[in-house]
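Biologist: I am new to this one. Please show me how to read its features, one at a time.

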Amino acid sequence: MRWTEIIQLRLRGLVFHNRERRRLREEMQFHFDALIAENIAAGMPPGEARHAAMRAFGNRTVADEQTQQTWGWTWLERLLQDLRFATRQIRRAPGFALIAILTLALGIGANNAVFTLTHALLLQGLPIPDPDRLVRLATHLPGPSGEYMDLGLSLPMIQTFQQRSHTIRGAFGWCVYDFPLTEKNGVHGIHGAVVSGNAFQTLAVRPA
């Protein structure tokens with residue numbers, strides 16, 4: 001059977017489902033009756049001819065299901081059945097359905113919020129050219145308790161990297177700092193950082 005014929009069968013089965021199913025059963029019954037008539041013409045009694053036709057024809061229910069899977073839309077029928085069942089359940093217990101829907105909505109919303117935050121902080125790259133080539137340099141020294149600590153570099157060390165390194169395109173330093181902002185309603189702190197003069201040039205970005 002060509003693919004065009006298969007598509008035509010599936011479309012007819014979707015649009016004219018009941019008619020095609022009735023036609024299929026009538027056609028199967030026609031072949032079954034024809035097989036009985038052949039057995040009777042061969043000299044078998046009617047009862048024996050019917051049993052022989054049933055053995056030769058096989059399970060009609062299985063044949064009907066296999067034929068419907070060939071030209072039907074089984075997944076769509078099951079989906080519609082599930083939707084009808086879900087609608088009946090919602091009508092029977094609207095309060096339980098409302099709680100279930102709200103629980104799902106809250107769960108999906110929470111997952112979406114966590115993923116958005118994770119994507120913004122961990123997965124999404126920094127808004128600078130070549131963010132994967134940006135590295136942080138620090139000194140790894142033992143602390144008072146014996147555990148190692150990452151300490152920042154001094155300005156002379158940063159300048160040495162800038163002048164003598166052949167693998168680093170640029171180096172800049174920064175220090176976290178809270179800037180006081182005086183307004184009419186008082187003084188507020190703005191969280192920021194003090195950076196070396198070549199910071200924007202090294203990052204290849206322009207300040208706002």
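Biologist: Which residue forms a salt bridge with D130?
Modeller: Start with the idea: side chains of opposite charge can pair when their charged atoms come close. A salt bridge here is a side-chain nitrogen of Lys or Arg within 4 Å of a carboxyl oxygen of Asp or Glu. In this predicted model, D130 pairs with R133, and their closest N and O atoms are 4.0 Å apart. A search of the whole structure finds one salt bridge.

Biologist: Is R133 buried or exposed?
Modeller: Buried means under 20% relative accessible area, exposed over 50%, and partly exposed in between, using a 1.4 Å probe and protein chains only. R133 is exposed, because its relative accessible area is 56%. D130 has 38%, so D130 counts as partly exposed. In the protein chain, buried residues make up 13% of the 208 residues.

Biologist: What should I know about the source before going on?
Modeller: This is a predicted model: local features need pLDDT of at least 70, side-chain atom pairs count only at pLDDT 80 or more, and totals for chains, interfaces and linings use all residues. Residues are numbered from 1 along each chain as its sequence is written, and side-chain values use heavy atoms, with hydrogens and water left out.

Biologist: How many helices and strands does the protein chain have?
Modeller: Both are DSSP runs, numbered from the N terminus: helices are H or I with at least four residues, strands are E with at least two. The protein chain has eight helices and four strands. From the N terminus, the order is α-α-α-α-α-α-β-β-α-β-β-α.

Biologist: How many bridges join β1 to β2?
Modeller: Two strands pair if DSSP finds at least two bridges between them. Four bridges join β1 (residues 139-142) to β2 (residues 148-151), and these strands run antiparallel. P142 stands opposite Y148 in β2. The two strands form a hairpin with five residues between them. In the turn, G146 has a positive phi of about 95°.

Biologist: Now the aromatic rings. How many aromatic pairs does the structure hold?
Modeller: A pair of aromatic rings is described by the distance of the centres and the angle of the planes. Rings of Phe, Tyr and Trp (its six-membered ring) pair if their centres lie within 6.5 Å; planes under 30 degrees apart count as stacked, over 60 as edge-to-face and the rest as tilted. The structure holds two such pairs. F172 and W174 have ring centres 6.2 Å apart and planes at 45°, so this pair is tilted. For Y177 and F179 the centres are 4.8 Å apart and the planes at 70°, so that pair is edge-to-face.

Biologist: Which residues make the nonpolar surface patch?
Modeller: Patches take residues with over 30% relative accessible area and no salt bridge; like charges are joined within 9 Å, nonpolar side chains (Val, Leu, Ile, Met, Phe, Trp, Tyr) within 5 Å. Areas come from the Shrake-Rupley method with a 1.4 Å probe; for residues, only the protein chains shown count as cover. Y177, F179, L181, I190 and V194 make a patch of about 410 Å². Strands β3 (174-183) and β4 (186-195) each give two or more of its residues. The largest share, three residues, comes from β3. F179 lies in β3.

Biologist: What does F200 touch?
Modeller: Contact means heavy atoms within 4.5 Å. Not counting residues up to four places away in sequence, F200 touches V205 and P207. F200 sits in helix α8 (residues 199-203).
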